[in-house]
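Me: I have a model open beside its sequence, and I would like to learn how to read the contacts between side chains. Could you take me through them one kind at a time?

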Amino acid sequence: MLLAPMEDVSDPPFRAVCKEHGADLMYTEFISSEGLIRDAIKSRQKLDIFDYERPIGIQIFGGDEEAMAMAARIVDTTNPDLVDINFGCPVKKVVCKGAGAAVLKDIDLMVRLTSAVVRSTNLPVTVKTRLGWDDSSKNIVEVAERLQDIGIQALTVHGRTRVQMYKGDADWRLIAEAKNNPHIHIPIFGNGDIDSPQKALEYKNRYGVDGIMIGRAAIGYPWIFREIKHFIATGETLAVPTIAERLDAIRKHLYRAIQWKGEKLGILEMRMHYASYLKGLSHVKEFRTRLVTTDSVSEIEQIFADIEERYAGLPALVA
């Protein structure tokens, strides 16, 4: 079970909560190769990794061979377990720089960029990408073969094109084609639309992938990892987390954020997560509003206490 690298989400506090609930391999947010070389503060901070997270991969992106090679050497010094290359981010600000999913339009460039990273590090190199740029260029089978040939150790495929962004259903059939290609011997991981234990088992069995990467389904719901593992092992569905379990996860996330970035910024950045953690609770808007408008840890704790009192004895999820 892999936790996807997600910009502005997959920071150390978020990763810690996911690790506790069963994520096996995690990745940092993607890091600009040019940002690392310029010593940009935000890019450097994304290199922060901790022993309890291992195995952990640092993900980089860029469209210039020399910059990617230099970034790989910088990553090497922080001693992660692997370095991952992002060839899948569809966001305009990344694509406009000729990076992320933009590289899907030039497979030769993808090969050169990957080769530059492989040559520049002693770490295992993996790649995360998409099926192709659009419906007319779904070339993931070719991509898998060519990247394997230059030395990557694993490939994760999101089952959409760049043009799709995150719309429509992820198509895992081409992921399966890449995995079942007799020339492929590296692990192939599937990503896209896995949001339940039942779907995780169905897709793993149907498409034969070596593992599953979870992204958006883990935001505010790190229990997805343990639920999937339990269902695969036993065929049984775990009970959804109780109010107490939710609040415990929120607290851990909050205090790790404060420890990592300081009280002011930690509280501020945590605001984006409350709605996801509290999703499904009836009449919870009042509490969410209070949580995102206070800068006081003591007030936040009081709100947590009020939430626990309000929902004590009620089902963990209320329609």
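Reply: Let us begin with charge pairs, where a salt bridge is taken to be a side-chain nitrogen of Lys or Arg within 4 Å of a carboxyl oxygen of Asp or Glu. Please keep in mind throughout that this is a predicted model. By that rule the count comes to 21 salt bridges.

Me: Which parts of the chain does the pair of Asp 108 and Arg 146 link?

Reply: The side chains of Asp 108 and Arg 146 meet in a salt bridge, with 2.9 Å from N to O. This pair links distant parts of the chain, since Asp 108 belongs to helix H6 (residues 107–120) and Arg 146 to helix H7 (residues 140–149), 38 residues apart. As for accessibility, Asp 108 is partly exposed at 42%, and Arg 146 is partly exposed with a relative accessible area of 28%.

Me: With which residue does Arg 146 form a salt bridge at 3.3 Å, and how are the two placed in helix H7?

Reply: The partner here is Glu 142, whose closest atom in the N and O pair is 3.3 Å from that of Arg 146. Because Arg 146 and Glu 142 are four residues apart in helix H7, they are separated by about one helical turn. Glu 142 counts as partly exposed, at 39% relative accessibility.

Me: How many aromatic pairs does the structure hold, and how is the geometry of Tyr 221 and Trp 223 described?

Reply: For ring pairs, one reads the distance between centres together with the angle between planes, and an angle over 60 degrees counts as edge-to-face. The structure holds eight aromatic pairs. Tyr 221 and Trp 223 form one that is edge-to-face, at 5.2 Å centre to centre and with 70° between the planes. Trp 223 is buried, with a relative accessible area of 1%. Ring pairs also link Trp 172, Tyr 203 and Tyr 207 into a cluster.

Me: Which rings have a charged end sitting over them?

Reply: One case is Trp 133, where the charged end of Lys 105 sits over the ring, 4.3 Å from its centre. Another is Tyr 52, over whose ring the charged end of Arg 256 sits, 4.8 Å from the centre.

Me: How many residues are in the largest nonpolar core, and which have the most contacts inside it?

Reply: The largest nonpolar core has 75 residues, and those with the most contacts inside it are Leu 3, Leu 155, Trp 172, Ile 214 and Phe 225. Its largest share, six residues, comes from H6. Leaving aside neighbours within four places in sequence, Trp 172 is in contact with several residues, among them Gly 190, Ile 194, Val 209 and Ile 212, and its contacts also include Tyr 203 and Tyr 207. A second, separate core of 23 residues includes Ala 249, Tyr 277, Phe 287 and Tyr 311.

Me: What does Asp 306 touch, not counting residues up to four places away in sequence?

Reply: Asp 306, which lies in helix H15 (residues 297–311), touches Phe 287 and Arg 290 when those neighbours are not counted. Asp 306 and Phe 287 are 19 residues apart in sequence, and in space they are 8.3 Å apart, C-alpha to C-alpha.

Notes. Residues are numbered from 1 along each chain as its sequence is written. This is a predicted model: local features need pLDDT of at least 70, side-chain atom pairs count only at pLDDT 80 or more; totals for chains, interfaces and linings use all residues. Side-chain values use heavy atoms; hydrogens and water are left out. Rings of Phe, Tyr and Trp (its six-membered ring) pair if their centres lie within 6.5 Å; planes under 30 degrees apart count as stacked, over 60 as edge-to-face and the rest as tilted. Buried means under 20% relative accessible area, exposed over 50%, partly exposed in between (1.4 Å probe, protein chains only). A charge sits over a ring if NZ of Lys or CZ of Arg is within 6 Å of the ring centre and within 35 degrees of the ring normal. A nonpolar core is a set of buried Ala, Val, Leu, Ile, Met, Phe, Trp, Tyr and Cys residues joined through side-chain atoms within 4.5 Å. Contact means heavy atoms within 4.5 Å.
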